Amino acid sequence: MSEAFYKLSLEKQNMILNEAYKEFTENGYEKASTNIIAKNSEIGKGTLFYYFGNKRKLFDFLVDTAFQLTYEVYFNNIDFEQTDFFKRLIEVSQLKQNVYKNYQYPMGFISKILMASGEFDLSEEHMKKRAIVEETWSQVLKKNIDFSKFREDLPQEVTFNFIRWTLEGYRQELEMRVKQTDGFLMNEENIKTYYDEYFSYINTLKKIYYKENLD
């Protein structure tokens with residue numbers, strides 16, 4: 001990364017990075033075009049490479065920056081004082097939705113990496129970071145949760161597994177939709193449709209697995 005990039009205005013930096021995020025998200029690593037990134041950023045391709053070195057280094061920078069941003073604006077702002085499992089699910093989902101509104105392109109990029117990593121030829125280091133993010137997400141659903149609200153006629157571990165499998169199944173279905181939709185972009189409109197559906201599933205799961213007469 002050239003120091004010259006950081007001498008640009010913040011607006012110009014964001015413009016270049018967002019165009020790069022968008023191109024890699026829509027086309028994967030191999031098909032992503034640095035020519036298009038440069039053109040849409042209103043700079044020359046030589047200037048783009050002067051800033052980042054080459055396509056691989058640009059991509060690696062985007063991955064590192066997106067993972068870092070995920071922790072700074074998402075994981076670090078989760079309220080672990082919320083002990084209700086399903087309210088926690090909804091709150092973290094709403095937080096994620098707000099993060100998408102403010103950081104549409106890097107968050108769309110990291111979501112695509114998590115859902116379709118095979119399109120990006122991730123390095124071993126980045127695969128490890130991906131695994132850490134997935135493990136962190138699993139703790140979001142367990143840390144400081146009040147499991148006494150769940151039905152007592154079902155084993156807690158079985159209940160949690162059923163919920164996890166249901167949500168994972170939905171994630172896989174969403175991934176299938178993404179792969180089957182040409183030019184799919186995790187923009188605000190698509191995100192809202194996804195969350196509206198997701199929240200309805202959460203409320204249904206709550207009715208199934210919580211004791212009766214619980215909010």
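Modeller: A residue is called buried when its relative accessible area is under 20%, and exposed when that area is over 50%. Please keep in mind that this is a predicted model.

Colleague: Which residues on the other side of H8 are exposed?

Modeller: Helix H8 covers residues 124-140, and its buried residues are His 126, Arg 130, Val 133 and Val 140. Seen down the axis of H8, these buried residues fall within an arc of 70°, so they line one face of the helix. On the other side of H8, the exposed residues are Glu 124 and Lys 128.

Colleague: Are H5 and H8 roughly parallel or roughly antiparallel to each other?

Modeller: The two helices H5 and H8 pack with their axes 11 Å apart and at an angle of about 20°. The contact includes Phe 67 and Tyr 71 of H5, and it includes His 126 and Arg 130 of H8. Angles under 35 degrees count as roughly parallel, and H5 and H8 are therefore roughly parallel.

Colleague: What reach does H8 have from its first C-alpha to its last?

Modeller: Helix H8 has 17 residues, and at 1.5 Å a residue a reach of 24 Å is expected.

Note on methods: Residues numbered from 1 in each chain as written. Predicted model: local features only at pLDDT ≥ 70, side-chain atom pairs only at ≥ 80, totals over all residues. Heavy atoms only, no water. Helix = DSSP H or I, 4+ residues; strand = E, 2+ residues; numbered from the N terminus. Expected span 1.5 Å × (residues − 1). Buried < 20%, exposed > 50% of the residue type's maximum accessible area, 1.4 Å probe, protein only. Arc of directions from axis to C-beta. Axes fitted to C-alpha atoms, helices over the stretch in contact; angles between N-to-C directions. Parallel < 35°, antiparallel > 145°, perpendicular 65-115°, else oblique. Contact = heavy atoms within 4.5 Å.
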